[in-house]
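Work through the exercises below with the sequence and the model open. Each task is followed by a solution in steps.

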Amino acid sequence: MLTSTMHAQVGEHRNDLSIGFNGGYVLSNMGFVPKVNQSLHGGLTGGFTIRYVCEKYFNTICSVYAEVNYAKTGWKESILDKNEKPVVNEETQLPEKYQRDMNYIQVPVMAHLAWGREQHGANFFVQAGPQLGWYLSDKADYNFDLNNANHHDRVNHTMFQDTMAVHNKFDYGISAGVGMEYSHRRLGHFLIEARYYLGLGNIYKDSKRDLFSKSNFNNIVVKLTYLFDLVRTRKE
């Protein structure tokens, strides 16, 4: 038997570490089953970002990208009648409204792939990976008596969610986004991104005996990020 030693390095090694902060806006709703009519709920998000660039593989800049964010998510109900008009409360004579604001700490960890300039110029990137979330608190905003709502005129009679507390405090799912980055040797990195998050867990119990078989998050996020280099690969 013959043995031999080989070494292959297709990509160019990188050792670039950047940290910074991010901020943006979250549009969210819940995937309820039974269905609950909703419009998009708006809230702010922001936190800290870290990125480690490990390799440039041909024209692809490969890195690991992670964040620790505070996010205000939730849902906003569309309370309509069969004619798709707002349901009016019999006592106040005002259109009924209900919104639940939910506060989370979210930690996405994603593979970040970029094409373009590394240190001075622009590049296009995509990124995807798992996201974990921890429930902090929630607050409901409504203008009717939850025990005396106008059920008769509603086209959607599902209202259990209005008074139920969050059961599962831990959230998890898949996050993916696309964006553009501009880098300057002295000023750092400026990123703009659109991202989608699909929650794989439910906030309420989901057994056959429970009221909801599905109650997961759907988030659309638009955010800006600023990074500065702590460690940067030196080129001769």
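A salt bridge here is a side-chain nitrogen of Lys or Arg within 4 Å of a carboxyl oxygen of Asp or Glu. The model is predicted.

**Exercise 1**

Decide whether Arg100 and Asp138 form a salt bridge, and describe where the two residues lie.

Solution. 
- Step 1. The closest N and O atoms of Arg100 and Asp138 are 3.6 Å apart. The cut-off is 4 Å, so the pair counts as a salt bridge.
- Step 2. Arg100 belongs to strand E5 and Asp138 to strand E6, so the pair ties together parts that are 38 residues apart in sequence.
- Step 3. Arg100 has 3% relative accessibility and counts as buried. Asp138, with a relative accessible area of 29%, is partly exposed.
- Background: side chains of opposite charge can pair when their charged atoms come close.

**Exercise 2**

Solution. 
- Step 1. Arg195 forms a salt bridge with Glu67, with 3.0 Å between the closest N and O atoms. Glu67 is in strand E4 and Arg195 in strand E8, so this pair links distant parts of the chain, 128 residues apart. Both Glu67 and Arg195 are buried.
- Step 2. A polar contact of 2.8 Å also joins the side chains of Arg195 and Glu193.
- Step 3. Beyond its neighbours within four places in sequence, Arg195 has contacts that include Tyr65, Pro108, Met110, Gln127, Ser175 and Asn219.
- Step 4. The C-alpha atoms of Arg195 and Val126 are 9.6 Å apart in space, and the two residues are 69 apart in sequence.

**Exercise 3**

Solution. 
- Step 1. The structure holds 10 salt bridges. One of them is between Arg14 and Glu12, whose closest N and O atoms are 3.1 Å apart.
- Step 2. Arg14 counts as buried at 5% relative accessibility, whereas Glu12 is partly exposed at 43%.
- Step 3. The side chain of Arg14 also has a polar contact of 2.9 Å with that of Glu118. Glu118 sits in the loop between strand E5 (98-116) and strand E6 (121-142), and at 12% relative accessibility it counts as buried.
- Step 4. The network consists of Glu12, Arg14, Lys56 and Glu118.

**Exercise 4**

Classify the ring pairs Tyr142 with Phe144 and Phe190 with Tyr226 by their geometry.

Solution. 
- Step 1. The whole structure has 17 aromatic pairs.
- Step 2. The ring centres of Tyr142 and Phe144 are 6.1 Å apart and the planes stand at 55 degrees, so this pair is tilted. Tyr142 is partly exposed at 38% relative accessibility, while Phe144 is buried at 6%.
- Step 3. Phe190 and Tyr226 are 5.2 Å apart, centre to centre, with 45 degrees between the planes; this pair is tilted.
- Step 4. Phe190 lies in strand E8 and Tyr226 in strand E9 (residues 214-231), so the pair ties together parts that are 36 residues apart in sequence. Phe190 is partly exposed at 40%, and Tyr226 is partly exposed at 22%.
- Step 5. Ring pairs also build a cluster whose members include Phe32, Trp75, Tyr142 and Phe144.

**Exercise 5**

Find the residues of the nonpolar surface patch and the elements that supply them.

Solution. 
- Step 1. The patch is formed by Leu132, Trp134, Phe170, Tyr172, Ile174, Tyr196, Leu198, Leu200 and Ile220, with about 800 Å² of accessible area together.
- Step 2. E6, strand E7 (170-184) and E8 each give two or more residues. E7 provides the largest share, three residues.
- Step 3. Tyr172 is in strand E7 and is partly exposed at 37%.

**Exercise 6**

Locate the backbone features at Pro34, Phe58 and Glu84.

Solution. 
- Step 1. The peptide bond between Val33 and Pro34 is cis, with omega about 5 degrees. Pro34 is in the loop between strand E1 (12-33) and strand E2 (38-39).
- Step 2. Phe58, a residue other than glycine, has a positive phi near 55 degrees. Phe58 is in the loop between strand E3 (41-57) and strand E4 (60-77) and is exposed at 57%.
- Step 3. Glu84 has a positive phi near 60 degrees. Glu84 lies in the loop between E4 and E5, and at 65% relative accessibility it counts as exposed.

How values were computed
Residues numbered from 1 in each chain as written. Predicted model: local features only at pLDDT ≥ 70, side-chain atom pairs only at ≥ 80, totals over all residues. Heavy atoms only, no water. Helix = DSSP H or I, 4+ residues; strand = E, 2+ residues; numbered from the N terminus. Buried < 20%, exposed > 50% of the residue type's maximum accessible area, 1.4 Å probe, protein only. Polar contact = N/O pair within 3.5 Å; in protein donor to acceptor, adjacent residues only side chain to side chain. Contact = heavy atoms within 4.5 Å. Patch = residues over 30% accessible without salt bridge, like charges linked within 9 Å, V, L, I, M, F, W, Y side chains within 5 Å. Areas by Shrake-Rupley, 256 points an atom, 1.4 Å probe, with all protein chains shown as cover. Phe/Tyr/Trp six-rings, centres within 6.5 Å; stacked < 30°, edge-to-face > 60°.
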